[in-house]
Amino acid sequence: MSSNPPGSCCSVGTLFEGTPTGQDIKIGDSKQIDAYVAKPPEGKARKGAGILYIPDVIGIWQNSKLMADNFAASGYTTLIIDLFNGDPVPLNITPPFDFMKWLNEGSDGKNPHTTEQVDPIIVAGVKALRELGVDKVAAVGYCFGAKYVVRHYKSGIAAGFLAHPSFVTEEELAAIEGPLSIAAAETDHIFPADKRHKSEEILAKTGKPWQINLYSDVEHGFAVRGKLEVQAQKFAKEQAFRQAVTWFDTFLA
């Protein structure tokens, strides 16, 4: 595996301040999947380009909505999808919390969040973006969501960005069909140095454009849940966002 499974650090973080400006919607053939869409300001849209935002285990929440709004402000129609059928992990959940039990069974024991359940949601998200007029689909994946960026180039993702990825297998990474950029934390037991270096070896063999940026003085989750009052974390969060936008500006052009 090129990154380890999710753990307790995957729900720890800070709530960002701000008021989301996008719209809560339903997607899918039966309109049963919760989603949030943020659209670019009038006259600033990158024609035909959009971003599928595949979130961490906290799902559609304040921080992910604000980040989607920022991607939209950069010109990209952005869609966040609920991967968990209304069963995300709460921010800063009181330990102990059994992530693997939640993953395999859900909070109620009847709602698993494995690839069998999540893969069709990703496909529905790509389809929904197409219906919004997007023909060049990029994807961002944070922590849990990173696996599904890597898995779904085959479903129409043209370029991807991952931040502090978890649960990505070496086989999945080796099979990517387009450009991939990764933002990594200096301290991250889910994507530690050995996994990062192995990922570099795998990506070098794919023949696709790739990039791994390493940010010092930050930990797993920094790109979406960091403490913005801490200079190093604020810098890393903002630079990782710019890294994604620059990547898409280049490879969706």
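Helices (H or I, at least four residues) and strands (E, at least two) are taken here as DSSP runs, numbered from the N terminus. With that in hand, the span of residues 33-251 is 39% helix and 22% strand, and its end C-alpha atoms lie 29 Å apart. According to the UniProt record, an unreviewed entry, this stretch carries the annotation "domain: Dienelactone hydrolase". Positions from UniProt are given in the numbering used here, feature names are shortened, and annotations may be inferred rather than shown by experiment.

A word on the source: this is a predicted model, in which local features need pLDDT of at least 70 and side-chain atom pairs count only at pLDDT 80 or more, while totals for chains, interfaces and linings use all residues. Residues are numbered from 1 along each chain as its sequence is written, and side-chain values use heavy atoms, with hydrogens and water left out.

## The sheet

Let us start with the strands. Eight of them form an open sheet with mixed pairing, in the order β1-β2-β4-β3-β5-β6-β7-β8. β1 (23-27) and β8 (210-219) stand at the edges with a single partner strand each, so one side of each has no neighbour in the sheet. On average, neighbouring strands of this sheet are turned by 25° against each other, direction ignored. Axes are lines fitted to C-alpha atoms, for helices over the stretch in contact, and angles run from 0 to 180 degrees between N-to-C directions.

Two strands count as paired if DSSP finds at least two bridges between them.

| Strand pair | Sense | Bridges |
|---|---|---|
| β3 and β4 | parallel | four bridges |
| β3 and β5 | parallel | six bridges |
| β5 and β6 | parallel | six bridges |
| β6 and β7 | parallel | four bridges |
| β7 and β8 | parallel | seven bridges |

Moving along, G141 has L162 in β6 as its bridge partner, G160 stands opposite L180 in β7, and A183 is partnered by N213 in β8.

## Covered strands and packed helices

How many of the residues of β3 are buried? Six of its six residues are, where buried means under 20% relative accessible area, exposed means over 50%, and partly exposed lies in between (1.4 Å probe, protein chains only). Both faces of β3 are covered, with A49, I51 and Y53 buried on one side and G50, L52 and I54 buried on the other. β7 is mostly covered too, with six of its eight residues buried.

Helix α3 (residues 115-131) lies across β1, β2 (33-38), β3 (49-54), β4 (77-81) and β5, and runs at about 155° to β4. Helix α6 (residues 193-206) packs on the sheet by touching β7 (180-187) and β8, and its direction makes about 170° with that of β8. Contact means heavy atoms within 4.5 Å.

## Two residues to look at

G48 has its place in the loop between β2 and β3. Its relative accessibility is 16%, so G48 counts as buried. Leaving out residues up to four places away in sequence, G48 touches G133, V134, D135 and K136. The C-alpha atom of G48 is separated by 12 Å from that of A158, although the two residues are 110 apart along the chain.

T77 is found in strand β4. At 12% relative accessibility, T77 counts as buried.

## Aromatic rings

Rings of Phe, Tyr and Trp (its six-membered ring) pair if their centres lie within 6.5 Å, and planes under 30 degrees apart count as stacked, over 60 as edge-to-face and the rest as tilted. By this rule there are 12 aromatic pairs. One of them joins F99 and W102, whose ring centres are 6.4 Å apart with planes at 75°, so the pair is edge-to-face. Both residues lie in helix α2 (residues 99-105), three residues apart, which is about one turn of the helix. F99 and W102 are both buried. Ring pairs also link F84, F97, F99, W102, F144 and Y148 into a cluster.

A charge can sit over a ring as well, if NZ of Lys or CZ of Arg is within 6 Å of the ring centre and within 35 degrees of the ring normal. K147 lies over the face of F167 in this way, at 5.2 Å from the ring centre.
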